[in-house]
Amino acid sequence: EPFVADEYIERLAWRTPGGGSRGGEAFDPKRLLEEFVNHIQELQVMDERIQRKVEKLEQQCQKEAKEFAKKVQELQKSNQIAFQHFQELDEHISYVATKVCHLGDQLEGVNTPRQRAVEAQKLMKYFNEFLDGELKSDVFTNSEKIKEAADIIQKLHLIAQELPFDRFSEVKSKIASKYHDLECQLIQEFTSAQRRGEISRMREVAAVLLHFKGYSHCVDVYIKQCQEGAFLRNDVFEDAAILCQRVNKQVGEVFSNPETVLAKLIQNIFEVKLQSFVKDQLEEHRKSDAEQYLKNLYDLYTRTTNLSSKLMEFNLGTDKQTFLSKLIKSIFISYLENYIEVEIGYLKTRSAMILQRYYDSKNHQKRSIGTGGIQDLKERIRQRTNLPLGPSIDTHGETFLSQEVVVNLLQETKQAFERCHRLSDPSDLPKNAFRIFSMLVEFLCTEHIDYALETGLAGIPSSDSRSANLYFLDVVHQANTIFHLFDKQFNDHLMPLISSSPKLSECLQKKKDIIEQMEVKLDMGIDTLNCMIGQMKHILAAEQKKTDFKPEDENNVLIQYTNACVKVCGYVRKQVEKIRHSMDGKNVDTVLMELGVRFHRLIYEHLQQYSYSCMGGMLAICDVAEYRKCAKDFKIPLVLQLFDTLHALCNLLVVAPDNLKQVCSGEQLANLDKNILHSFVQLRVDYRSARLARHFS
């Protein structure tokens, strides 16, 4: 522990009798001083003893340091001498090695010609046996030495090719015959070894055959035997993948060029097995069933490309991507050349059938309805003026829009886009996708949605009609929902196919044109508001009585608002709810504002038709208050403001003559034209009194 002087002195004083208050003893300074003096002397003696010991150790350390330094110097000298010896030895070894290499070169120069001469002598001996027509050498008669015989006959075959035919025709034919026999024996031996699963023997025989012309035949035999029993299941693609995986592990142990052999196996699988399988699957439905043909083509092409992706893991040479692509193209080229024509033809037929089946289920015969020009003008005039321009079409409440039809059309188109993405050449993909999109526009937007809008427009009753069947709003609602689905497919499935091509702007323009065309028809459908106003007029005409606002008994009025008001408000609330349900976005506010303004004008003009007693004016105020509550459902500030002003105008029907000027100068009426104010005051039954006329003038 670290030495602390204060604590040391405290402990010394505590151990000395009389040095503190321990045990109640009295403090004795003399005794404590004496103890301190004695202890100091002891410490001095101890210090001297330790100092002598330190000096002795320092002397010993200096002595040992000198001895160690001397020893190091001696070792350095010894090391230097040893290094010199090593250098001399290294030089001697280098000299000897040079001599040995030179001697080896001389020996090799002598031995190589000798070996060649010996080998040439042996070949001449074997050649003589062929000349004599009798093969006596053990190498040709012993079947176990087929490897040596193959090496000899291969060399003799090369030599025989250089000899003139006229003099050595017979021997050349004998050598060629033996060459062919040995080649067949080797291939047979390779085949047997493969069946027995002897990889080492297969490797030996393949190495010998490598220099023979029949080496490719050996590879063919190997490929053929590999496929025996490999394609027993129904899934030829999975079988092919498993076979290639198994052969890939084995081929490197057998052949010196495994990538070439594996590539040849894959080529054989594609050109024989897969091509035959694809042809059987597609030709069966090519002319009879376009739907099944397209499904099979998409499925087979997808599975083939998936198999190709698995095979990319193997070593097939330098450009395996191009190699596999060419194999796939060789199988499917005849089917992909006219794919898009088959796709468009099927899509057109299928879409027409879906639509026709729907209209047949509704017992509806599609009719030709004009989409613009003079017929559109006649329709507008007919709805506004009641001129007899021909009856409107009665749809019996049917919108002629079906989500089931739409889902079927979109599903067919989605599958077509998926097939197009997979089967189209990258350069043709945007063009093909645009053709499919055009089919969707034709059958979904034109033949279905546009036809329903046209039929809905033709079914809108005139404003003076007593029919309250405003089915066009249902058409609007369904058309809006359907177009959202159409737009989703446009973004999800078409855009990825054309996003980086010039066809993008063409598709966007086509979509914009379709939207504008539908918006024009929806705008024309705003005339349904005239029908709503017409229904309100019918209700007011049928239910509102002149006595409502000029009761015979002013003191016995029991109703809070008139029956006409109740029915009109109920009808308006239903229509507002229907509009909100049928439309979305800003269209809701736009249509409700138009309806609200027309609703206000109708009530304003309706109130102008009656004269009002005091109690009748109160009832009119109650009616307008109820209309104002109804206007709040529109959630349009302008409409609510109009009814607030109308409510303030109705106060002129009941206010005391003396207060007329004060009411007219109020916040809500101050900015109105004086003629409007005057027209309301004139509706009072007491207007003719001189007092009222004087106060208002």
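R286 and E283 form a salt bridge, with 3.2 Å between the closest N and O atoms. The term salt bridge here means a side-chain nitrogen of Lys or Arg within 4 Å of a carboxyl oxygen of Asp or Glu. R286 is partly exposed at 27% relative accessibility, and E283 is partly exposed at 37%. Partly exposed covers the range between buried, which is under 20% relative accessible area, and exposed, which is over 50%, with a 1.4 Å probe and protein chains only.

The model is predicted: local features need pLDDT of at least 70 and side-chain atom pairs count only at pLDDT 80 or more, while totals for chains, interfaces and linings use all residues. Residues are numbered from 1 along each chain as its sequence is written, and side-chain values use heavy atoms, with hydrogens and water left out.

The pair described above is one kind of contact that can be followed through the whole structure, where a search finds 21 salt bridges. Side chains of opposite charge can pair when their charged atoms come close.

Another pair is E238 with K310, whose closest N and O atoms are 3.6 Å apart.

K503 is partly exposed at 22% relative accessibility, and E506 is partly exposed at 37%. Elsewhere, salt bridges that share partners join E189, R196, E198, R201 and E204 into one network.

The surface also has a nonpolar feature. L43, M46, I50 and V54 form a patch with about 320 Å² of accessible area together. A patch is made of residues with over 30% relative accessible area and no salt bridge; like charges are joined within 9 Å, and nonpolar side chains (Val, Leu, Ile, Met, Phe, Trp, Tyr) within 5 Å. Accessible areas come from the Shrake-Rupley method with a 1.4 Å probe, and for residues only the protein chains shown count as cover.
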